[in-house]
Amino acid sequence: MNYFLTGGTGFIGRFLVEKLLARGGTVHVLVREQSQDKLAELRERWGVDDSRVKAVIGDLTSKNLGIDAKAMKALKGNVDHFFHLAAVYDMSADEEAQAATNIEGTRAAVQAAEAMGAKHFHHVSSIAAAGLFKGIFREDMFEEAEKLDHPYLRTKHESEKVVREECKVPFRIYRPGMVVGHSKTGEMDKIDGPYYFFKMIQKIRHALPQWVPTVGIEGGRLNIVPVDFVANALDHIAHLDGEDGNCFHLVDSDPYKVGEILNIFCEAGHAPRMGMRIDSRMFGFIPPFIRQSIKNLPPVKRITGAVLEDLGIPASVMSFINYPTRFDTRELERVLKGSGIEVPRLPDYAPVIWDYWERHLDPDLFKDRTLKGTVEGKVCVVTGATSGIGLATAEKLAEAGAILVIGARTKETLDEVASQLEAKGGNVHAYQCDFSDMEDCDRFVKTVLDNHGQVDVLVNNAGRSIRRSLALSFDRFHDFERTMQLNYFGSVRLIMGFAPGMLERRRGHVVNISSIGVLTNAPRFSAYVASKSALDAFSRCAAAEWSDRNVTFTTINMPLVKTPMIAPTKIYDSVPTLTPDEAAQMVADAIVYRPKRIATRLGVFASVLHSLTPKMGEIIMNTGYRMFPDSPAAAGSNSGEKPKVSTEQVAFAAIMRGVHW
């Protein structure tokens, strides 16, 4: 048999061609002049040469598909089956492009099929042709479609109408559901349909442990089918006798609701499941005009748009959350009976769909997410850069090609570090500064701006920690003043100094090294945690003001790190800690990905626990407080003896990994 396909190099087309070749036929594929290389690559995939898969040069939007007279003459009388698959499968495409391709392209395909004398015309339509029909849409229904306001719905309906009213070749119509990847391999060519929600699921997974239940939506039923089912069904039905004039719904007869689909993919992606799903129908008592008025309020539209943009979800997709249509499949079931072709259940193949997306389609894969790509040639300021986290961070930034500005209190150590980094090829500029001195901070800001013009990234790392019970601090109010002076006022002074330039350029990023203690409310660290909490609160307020000016903040709630700052507390020698390099990698991730917060899952859980059941959180922290003693130095003793650590303390510290005690 001889076949002709439009859209043969497309997603469904490439799988259908494979099925047709297995029947021993010759396949003619419409391609544009500039797309012949793509067809050549597919021939290699199919394992055939140009004698089996022939390129027919043309254009979907031209009369008779733009096929020249010589090629049309060769095809005339030699096409048994004409498959029209080419269309715009993009909800966000503009209306003009969809009309040109979906409607006029179908008209041109019908003309070409008649001109070449094709024996059968197979039109691959879509369930979108039903519009937003409320209820069950049968395979013999067409005119009953309703709510065709969206360009995609309207053009798919109109293109099917062209076939029904203008096609003189015996035709069959197929309406696939939302086509996703291959059920065995997960292969998919673009992000569409349920894939739009995968980034949201991924972000939830990164933020919360899998066992934490979340709240989500219920929604209507979305009809999802894998591409191999669609190709298999098309191939089988097209070769049956006596089916001309019929329409077939290539859909799942028992589709899942939106909330169920999200949970299925949450499980496939090892993300928390939605333990409670809200059905929007519960708000049906609100008059439609009021709901629409609220949705159209400028603040609501702006918030909604910003959230959807952050998640990569087109606004048009949200209108299908409460999809109202169910599709009858009696004709499909009749023709597939005994063929062995059936729709697999989504939970059975969701893991391969997710895996393929995360390995091949995740938008982050196509961004330069290296530290070098982010900071090369950019001015990056790191405070407290001569030891611990600051030094390790400075080393990474210097290696990545940043214009590195480092600041610290001790000039000799600062110069030594600068020399070491420059010896490794770093572009390093060292400026002495006591960041607890506001006048010194102002001098530092002026010097940096005078010498470098701008600051792209500010890492507020310089800090002071004090581990001492409140009972031992009644006469040490200066502990609170010292920590606040450096950890809060010093950092804010730098932010306020560099922010005007960032706002003017509409580009800048501030990374604040905070503490897991802010999330856990760690005892003995009231002075330190209070100062870091103040900086967190300031940053959240500033971020809210500057969100639309692309000046962003990341707070890193750093767990316990093996640095000189914790060296006086000898008990920390026996509990789990991060290395400075591991901590610096967290800073690097903050610079590259710009999340609002980086924290361990234990820290996030502790914060949630304190919000939901504050007394329980208080009891847990008090247990740790009673288990670990104050250091001799905190108690006013000069004893350098290392305290003995019990197995209970080691076990508790391991369970509460990274928490300050």
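This is a predicted model: local features need pLDDT of at least 70, side-chain atom pairs count only at pLDDT 80 or more; totals for chains, interfaces and linings use all residues.
**Helix pairs side by side**

| Helix pair | Residues | Axis separation | Crossing angle |
|---|---|---|---|
| H17 and H18 | 438-452 and 477-505 | within 9 Å | roughly 35 degrees |
| H8 and H13 | 258-268 and 346-361 | 8 Å | about 55 degrees |
| H15 and H21 | 388-399 and 580-593 | within 8 Å | roughly 55 degrees |

**H8 on H13**

Helix H8 packs on helix H13 at about 55 degrees, which makes H8 oblique to H13. The crossing of H8 past H13 is right-handed. On the H8 side, Ile-261, Ile-264, Phe-265 and Ala-268 do the touching, and they meet Leu-346, Pro-347, Ala-350, Pro-351, Ile-353 and Trp-354 of H13. Sort those residues by class and you get 10 nonpolar, with no polar and no charged ones.

Two of these names, Phe-265 and Trp-354, turn up again among the aromatics. Ring pairs tie Phe-265 and Trp-354 into a cluster with Tyr-195, Phe-198 and Trp-357.

**H15 on H21**

Next up, helix H15 and helix H21 cross at roughly 55 degrees, so these two are oblique to each other as well. H15 goes past H21 in a right-handed crossing. H15 brings Gly-388, Ile-389, Ala-392, Thr-393, Lys-396 and Leu-397 to the contact, while H21 answers with Pro-580, Asp-581, Ala-583, Ala-584, Gln-585, Val-587, Ala-588 and Ile-591. The class tally here is 9 nonpolar, 3 polar and 2 charged residues.

**H17 on H18**

The axes of helix H17 and helix H18 come within 9 Å, and H17 passes H18 with a right-handed crossing. From H17, the residues in contact are Met-438, Cys-441, Asp-442, Phe-444, Val-445, Val-448 and Leu-449; from H18 they are Gln-485, Phe-489, Gly-490, Arg-493, Leu-494, Gly-497 and Phe-498. That contact splits into 9 nonpolar, 3 polar and 2 charged residues.

**Rings and a charge**

How many aromatic pairs does the structure hold? The count comes to 20. There is also a charge over a ring to look at: the charged end of Arg-45 sits over Phe-15, 5.1 Å from the centre of its ring.

Methods
Residues are numbered from 1 along each chain as its sequence is written. Side-chain values use heavy atoms; hydrogens and water are left out. Axes are lines fitted to C-alpha atoms, for helices over the stretch in contact, and angles run from 0 to 180 degrees between N-to-C directions. Helices (H or I, at least four residues) and strands (E, at least two) are DSSP runs, numbered from the N terminus. A crossing is left-handed if the near helix is turned anticlockwise from the far one by less than a right angle, and right-handed if clockwise. Contact means heavy atoms within 4.5 Å. Ala, Val, Leu, Ile, Met, Phe, Trp, Tyr, Cys and Pro count as nonpolar, Asp, Glu, Lys and Arg as charged, and the others, Gly among them, as polar. Angles under 35 degrees count as roughly parallel, over 145 as roughly antiparallel, 65 to 115 as roughly perpendicular and the rest as oblique. Rings of Phe, Tyr and Trp (its six-membered ring) pair if their centres lie within 6.5 Å; planes under 30 degrees apart count as stacked, over 60 as edge-to-face and the rest as tilted. A charge sits over a ring if NZ of Lys or CZ of Arg is within 6 Å of the ring centre and within 35 degrees of the ring normal.
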